[in-house]
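Subject: Structure handover

Hello,

Here is the structure I said I would pass on. My notes on what was found in it follow below.

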Amino acid sequence: MFKWLRRLRALPPIPEAAWHATLARYSFLADRPAADLERLRVLTAEFLRDKEFHGTQGFVITDEVALAIAAQAVLPVLHLKGHLDWYDDFVGIVVHPSEVVARRKVVDEAQVVHEYDEVVAGEAMDRGPVMLSWQDVLASSVTREGGYNVVIHEFAHKIDMRGGDADGCPPLPAGFAGQRSARESRAAWLAVLQPAYDDFREKTIMAERFGAEPPWLDDYGATSLSEFFAVACEAYFVNRPNFARDFARVVALFDEFFLRKQV
């Protein structure tokens, strides 16, 4: 897999045919200014150089697999200060051929332990690897309308967890949104994201229980604020027009964070 990258610390260009095939398959990547595409290509090469891909259940990591995942993973940090430093707490990316069943254990407020199985398409582990279903990575090439993208979802969690537990608020730069302190910046962030999440959750509940029209955004975002952040990031990066129509304040917030001019 990309042995031409492994042999050297330098970054020779990604082969033209492979790069253009990736842009053609995942069209939301290609819909960017030329300067952004060039930066995306360089960061993708760095990502491929520094991360290790592992297939499970006999799944083979090909150049197509690695490049598709790397290019999409890089998209959220394209304009963030430090770029790939946001992902420096892990090396491994584990790819399954399809969804997997994960065993969960939670303790409720009464200290009762509940165990259950959950079918997942991906998972980001704090200070650990990222797990992805290749079936769902491929699906991202045709689910743009619904704002679905498993790679961006899991790497949004990685960005969120840079500040500790995933809570829907990533570490914010000094002076974010014109605020004077980290506490005020966080408050400004949550003042936008929390009501958007509450409204989305209410609409999801109304659809599930009373037959109201369901939101177009993935209803998994209604499970917690951290999941809403990750689902919102998916839509923000792959279907901005639809997301901006329904979440204008969140788009402005994300623009301030993800597109802020670097100094």
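To begin with a helix, α5 is mostly covered, with ten of its twelve residues buried. Buried here means under 20% relative accessible area, exposed means over 50%, and partly exposed is in between, with a 1.4 Å probe and protein chains only. The buried residues of α5 are V65, A66, L67, A68, I69, A70, A71, Q72, A73 and V74. Helices (H or I, at least four residues) and strands (E, at least two) are DSSP runs, numbered from the N terminus.

Please keep in mind that this is a predicted model: local features need pLDDT of at least 70, side-chain atom pairs count only at pLDDT 80 or more, and totals for chains, interfaces and linings use all residues. Residues are numbered from 1 along each chain as its sequence is written, and side-chain values use heavy atoms, with hydrogens and water left out.

The length of α5 (residues 63-74) was also checked. The expected span of a helix is 1.5 Å times one less than its number of residues. For the twelve residues of α5 this gives 16 Å, and the end C-alpha atoms are 16 Å apart, which agrees.

Next, the sheet. Four strands form an open sheet in the order β1-β2-β6-β5, with mixed pairing; two strands pair if DSSP finds at least two bridges between them. β1 (52-55) and β5 (122-124) stand at the edges with a single partner strand each, so one side of each has no neighbour in the sheet. From one strand to the next the twist averages 20°.

The pairings are as follows.

- β1 and β2 are parallel and share four bridges; G55 stands opposite V95 in β2.
- β2 and β6 also run parallel, joined by four bridges, and V95 stands opposite L132 in β6.
- β5 and β6 (residues 130-133) run antiparallel, with three bridges between them. A124 stands opposite V130 in β6, and the bridge partner of E123 in β6 is M131.

β5 and β6 form a hairpin with five residues between them, and R127 in the turn has a positive phi of about 60°.

How much of the sheet is covered? Four of the five residues of β2 are buried, so β2 is largely enclosed by the rest of the structure. β6 is covered on both faces: V130 and L132 on one side, and M131 and S133 on the other, are all buried. In general, side chains in a regular strand alternate between the two faces of the sheet.

The helix α5 lies across β1, β2 (92-96) and β6, running at about 120° to β2. Contact means heavy atoms within 4.5 Å. Axes are lines fitted to C-alpha atoms, for helices over the stretch in contact, and angles run from 0 to 180 degrees between N-to-C directions.

Q57, in the loop between β1 and α5, has phi near 55°. With 61% relative accessibility, Q57 counts as exposed. H83, in the loop between α5 and β2, has phi near 45°. With 24% relative accessibility, H83 counts as partly exposed.

Last, the aromatic rings. A search of the whole structure finds 26 aromatic pairs. Rings of Phe, Tyr and Trp (its six-membered ring) pair if their centres lie within 6.5 Å; planes under 30 degrees apart count as stacked, over 60 as edge-to-face and the rest as tilted. One of the pairs is Y197 with F228, which is tilted, at 5.9 Å centre to centre and 55° between the planes. Y197 lies in helix α8 (residues 182-210) and F228 in helix α9 (residues 225-238), so the pair ties together parts 31 residues apart in sequence. Both Y197 and F228 are buried.

F243 and F254 have ring centres 6.3 Å apart and planes at 25°, so this pair is stacked. F243 is in helix α10 (residues 240-246) and F254 in helix α11 (residues 248-258), eleven residues apart. F243 and F254 are both buried.

A ring also meets a charge: the charged end of K51 sits over the ring of F90, 4.2 Å from its centre. The rule is that NZ of Lys or CZ of Arg is within 6 Å of the ring centre and within 35 degrees of the ring normal.

Regards
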